[in-house]
Amino acid sequence: FVVALNKHTGEPRWQVLRDEVTSWATPIVVKHDGKFQVIISGTKRVRGYDLTTGDLIWECGGLSANIVASPVAADGMVYTGSSYNKRILLAIRLDGAKKDITGSDQVVWSRTRGTPYVPSPLLYGDALYFLAHYQGILSRVTAKTGEDRPGALRLPGIRNVYASPVGAAGRVYVTDRDGTTIVINHSDEPQILALNRLNDEFSASGALVDRELFLRGHQNLYCIVEE
């Protein structure tokens, strides 16, 4: 089920049953056409619920089992993907999305290669970044069309990645489980700017606050800042 709680009192505002097995994806809240909706990726469907009532607005099938990556959204579009036992990435237009939109024109584009499993995609400006499964291959495409710009990039020194890529100040940061962070510039022709290493293991996504990058390792919490 999915439940919405009053954050001040903890009292349930609504609760809706879901025909789903275990999902690891975090729900996101999106404002569209003046109303807020909760979007949740699951094994059987990605769904949009009315934030006020919990009513189901739309749903779309096609993802794999064992969803981990959370959806991202901007400019009336939602992007969600998986690659556990099926590689798929869907770009869904919210305008006009009602009931079951599986296979309809609401799915603006999709792809079946290089799709994410554990790390969530990064929506940065008009570009969408996503890792292949949880390996060191990063794709950069135009978010609205899915067109490669320039497509897949192999990240040297990066292996297994659980943390989602993050972006700020014209840069994209990818941290792998062995403590290596690669920094590339946010452009149509990405270039490697730096490769940094910490003696720790990392599964959590980085957090960006002002000019500081926070990384939570298995042993320590790190704050990276340019002096």
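First, the ground rules. Residues are numbered from 1 along each chain as its sequence is written, and side-chain values use heavy atoms, with hydrogens and water left out. Because the model is predicted, local features need pLDDT of at least 70 and side-chain atom pairs count only at pLDDT 80 or more, while totals for chains, interfaces and linings use all residues.

A cavity is a set of points on a 1 Å grid over the protein atoms alone where a 1.4 Å probe fits but cannot get out, and lining residues have an atom within 4 Å of a point. Strand S17 (residues 171–175) gives the most, three residues; strands are DSSP runs of E, at least two residues, numbered from the N terminus.

Now the open spaces. A pocket is an open set with protein on both sides within 12 Å along at least five of seven lines. The largest pocket has a volume of about 550 Å³. Of its 20 lining residues, those closest to the centre are Tyr173, Arg211, Leu213, Ile224 and Glu226.

The second largest pocket comes to about 260 Å³. Of its 14 lining residues, His32, Lys35, Gln37, Ile57 and Lys98 are closest to the centre. Strand S4 (35–41) and strand S6 (56–60) each give two or more residues to this lining, and S4 has the largest share, three.

Note on methods. Helices (H or I, at least four residues) and strands (E, at least two) are DSSP runs, numbered from the N terminus. Grid points are joined across faces, edges and corners, and a volume is the space filled by probe spheres set on the points.
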